[in-house]
Amino acid sequence: MPEHAVANWRLVAARVERGWHTQEDFAAAYDDKARELREQARISVRQVRRWESGESTWPNRDARRVLEAMFGCPLEDLGFRRPARTTRRRPGESEEKLEGCDVRRRTFLGLAGAAPMLDLDALDHLTDAAHGARRHGGGELLGHLRTALDDAARADGLAGPHEALPTVLGILTGINSAARTAAPGLRRELLILGARGAELAAWLHRDAGAPERAVAYWHHQAKEWATLTGDGAMHAYVLLRQAQATDRTDPARMLDLARAATTGPWTLPPRPRAEAFQQQARALALIGARVEEVARTLERAHDALGQATPASGPATCTGPLGDGYTDQRLMVQSAICYREAGQSERAVSLFGQHLATGVFAPRDRAFFSTCV
């Protein structure tokens, strides 16, 4: 995470929640709103960077008007610090209205009816705890961050990326902030966790339809942290995820990435290794390889999965890599490979056998059903 992305994570989370996934997107949306309001002031990406870094604590009058129109709440709720006081009431605005906005602020990162997630107050606590990580050893902080990341990943499975993404960005901010001042051992543990979170952020951005550059940024961040901590398996896993994120119109790149995940100077655990072979098979089918080569590569996936130890519990974001990759998932993805290879009847048969087993989450089943 770049230096400027640390201080004002509230603004970062708020803009992403509204669909402005990059600073360029936000600057363009700001200029559009300024024109709509007939304000003369425009902003640059550099100004957005200053706001998100906390270097510019209180926007000028014109910028305040535009920002309040864009977000629909006081600037304090976006992490800006008013010079003279921390709260304010607009002319004619009641205490009830202010209280309602504060409730929205506290529940902004919450997810009703689903897995518990960190709200803004909880993330504030984590950020404060980060500053004391060196002094207190950081064990409690790491535990909170792991739990929060796992909860966010579960929330994505239940309700989708738009609910989970702001929380994940806040968690990554806490990790990055704590790592700056942590002792070496704790710093390494934080960056290992950060690589997991950054890979999740990349996947959430992709699932939310964010621009490719946003997805690529988080993949790059995940690989950087994995490299810094010597976590070769995680580096390879991100290569696999990059292969999965590659558009089917570029099967050569998809194949290169999936092969790199299984042939580089690292060893993937059996489950993600199986998934990487399956991705190679799909790329081969898209390239036009013979169906026999696709089938042989899928056999390698089955062999790798056969070496996996039984999962000790439900798969989590911070648990063993790829622990959620099962025989049923491999069979359904094998059906996709055969469909890409022109073996439609074989694909439909596999889909029929394995999609009806009830082992897939509703969102996964819906996705795979569209592939039939």
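Is Ala285 buried or exposed, and what is its relative accessible area? Ala285 is buried, with a relative accessible area of 6%, where buried means under 20% relative accessible area, exposed means over 50%, and partly exposed lies in between, computed with a 1.4 Å probe on protein chains only. The residue is found in helix α14, and helices here are DSSP runs of H or I with at least four residues, strands being E runs of at least two, numbered from the N terminus. Leaving aside neighbours within four places in sequence, Ala285 is in contact with Val294, Cys337, Glu340 and Ala341, a contact being heavy atoms within 4.5 Å. Ala285 and Glu340 are 55 residues apart in sequence, yet their C-alpha atoms are 5.5 Å apart in space.

The model is predicted, so that local features need pLDDT of at least 70 and side-chain atom pairs count only at pLDDT 80 or more, while totals for chains, interfaces and linings use all residues. Residues are numbered from 1 along each chain as its sequence is written, and side-chain values use heavy atoms, with hydrogens and water left out.

The pLDDT, which is the predictor's confidence in each residue on a scale from 0 to 100, has a mean of 80 over the chain, and 77% of the residues reach 70 or more. Over residues 1-6 the pLDDT is below 50, and this stretch has 20 contacts in the model beyond near neighbours in sequence. Residues 129-136 also stay under 50, with 13 contacts beyond four places in sequence. Where pLDDT is low, the predicted coordinates should not be read in detail.

Taken as a whole, the chain has 18 helices and zero strands, and of its 372 residues 51% count as buried. Among the contacts in the chain with a separation of 6 or more, 64% are between residues 24 or more positions apart.

The interior can be described through its nonpolar cores, each a set of buried Ala, Val, Leu, Ile, Met, Phe, Trp, Tyr and Cys residues joined through side-chain atoms within 4.5 Å. The largest of them has 64 residues, and those with the most contacts inside it are Val168 and Leu190. Helix α10, residues 184-207, gives the most to this core, with 10 residues. Apart from it lies another core, of 21 residues, among them Ala14, Phe26, Trp51 and Ala63. Returning to Leu190, its contacts beyond four places in sequence are with Leu142, Leu145, Ile175, Ala178, Ala179 and Ala182. In soluble globular proteins, nonpolar side chains tend to be buried together.

The axes of α12 and helix α14, residues 270-287, come within 10 Å and cross at roughly 35°, the axes being lines fitted to C-alpha atoms over the stretch in contact, with angles that run from 0 to 180 degrees between N-to-C directions. The crossing is left-handed, a term for a near helix turned anticlockwise from the far one by less than a right angle, right-handed being clockwise. On the α12 side, Tyr237, Leu240, Arg241, Ala243 and Gln244 meet Pro272, Glu275, Ala276 and Gln279 in α14.

One of these residues, Arg241, counts as buried at 13% relative accessibility, and beyond four places in sequence it is in contact with Glu199, Trp203, His219 and Glu275.

Between α12 (232-245) and α13 (251-263), the loop holds Thr246, which is buried with a relative accessible area of 6%. The side chain of Thr246 reaches the backbone oxygen of Gln242 at 2.8 Å, and beyond four places in sequence Thr246 touches Arg253, Met254 and Leu257.

A contrasting case is Arg38, in the loop between α2 (23-36) and α3 (45-53), which counts as exposed at 74% relative accessibility. Phi of Arg38 is near 60°, a positive value in a residue other than glycine. Most residues other than glycine have a negative phi.

Terms used. Polar contact = N/O pair within 3.5 Å; in protein donor to acceptor, adjacent residues only side chain to side chain.
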